Amino acid sequence: MTQPIQPDSGPPPWRLSVIVPVYNEYANIPQVIEKVKAAPLPEGVDLEIICVDDGSLDGSAELLSQYMDDPQVTVHHSVSNVCKGTPVHIGLQYVTRNIH
């Protein structure tokens, strides 16, 4: 028989990983991150936000750098713009739990 997970027994067993591709989204970044953080999650699920800048030219990269100390946010900066699919693939490399 399995025992229920106790609140102090380590990290929650499930994590929602949200990958946010960013290209010239300076005006939208704070709202997107705050809305994702505010979304209700089931009990036992924690959150990580993975922002992948795809070579933005509008200051998005600098703005994302302000989130580097946020434990829920991971930021990756690409040197140049490639396409929307590449940031998603890069973001998957930063997922910290198993993908189901």
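Modeller: N24 is partly exposed, with a relative accessible area of 30%; buried here stands for under 20% relative accessible area, exposed for over 50%, and partly exposed for what lies in between, computed with a 1.4 Å probe on protein chains only. N24 sits in the loop between β1 and α1, and although N24 is not a glycine, its phi is positive, at about 55°. This is a predicted model in which local features need pLDDT of at least 70 and side-chain atom pairs count only at pLDDT 80 or more, while totals for chains, interfaces and linings use all residues. Residues are numbered from 1 along each chain as its sequence is written, and side-chain values use heavy atoms, with hydrogens and water left out.

Helices (H or I, at least four residues) and strands (E, at least two) are DSSP runs, numbered from the N terminus. The protein chain has three helices and three strands, and along the sequence they follow the pattern β-α-β-α-β-α.

The strands form an open sheet in the order β1-β2-β3, with parallel pairing; two strands pair if DSSP finds at least two bridges between them. β1 and β3 are the edge strands, each pairing on one side only. From one strand to the next the twist averages 15°. β1 and β2 run parallel and are joined by nine bridges, and L16 has L47 in β2 as its bridge partner. Between β2 (residues 45–54) and β3 (residues 73–78), which are also parallel, there are six bridges. There I49 stands opposite V73 in β3. To get from β2 to β3 the chain passes through helix α2 (residues 60–65), and this β-α-β crossover is right-handed, meaning that with the strands pointing away from the viewer, the path from the first strand over the helix to the second runs clockwise.

Next come the charged side chains. Side chains of opposite charge can pair when their charged atoms come close. A search of the whole structure finds four salt bridges, each being a side-chain nitrogen of Lys or Arg within 4 Å of a carboxyl oxygen of Asp or Glu. One of them joins R15 and E48, at 3.8 Å from N to O. R15 is partly exposed at 28% relative accessible area, whereas E48 is buried at 5%.

Another salt bridge joins D46 and R97, at 3.7 Å from N to O. D46 lies in β2 and R97 in the segment after α3 (85–93), so the pair ties together parts 51 residues apart in sequence. D46 is buried, at 16%, and R97 is partly exposed, at 22%. The D46 side chain also makes a polar contact of 2.8 Å with the side chain of R15; a polar contact is a pair of N or O atoms within 3.5 Å, and within protein one must be able to donate a hydrogen and the other to accept it, with residues adjacent in sequence counting only if both atoms are side-chain atoms. R15, D46, E48 and R97 are linked in a network of salt bridges.

K37 and D70 meet in a salt bridge as well, at 2.3 Å from N to O. K37 is partly exposed at 27%; D70 is buried at 17%.

For the protein chain as a whole, 30% of the 100 residues count as buried. Of its contacts (heavy atoms within 4.5 Å) with a separation of 6 or more, 76% are between residues 24 or more positions apart.

Key
Axes fitted to C-alpha atoms, helices over the stretch in contact; angles between N-to-C directions.
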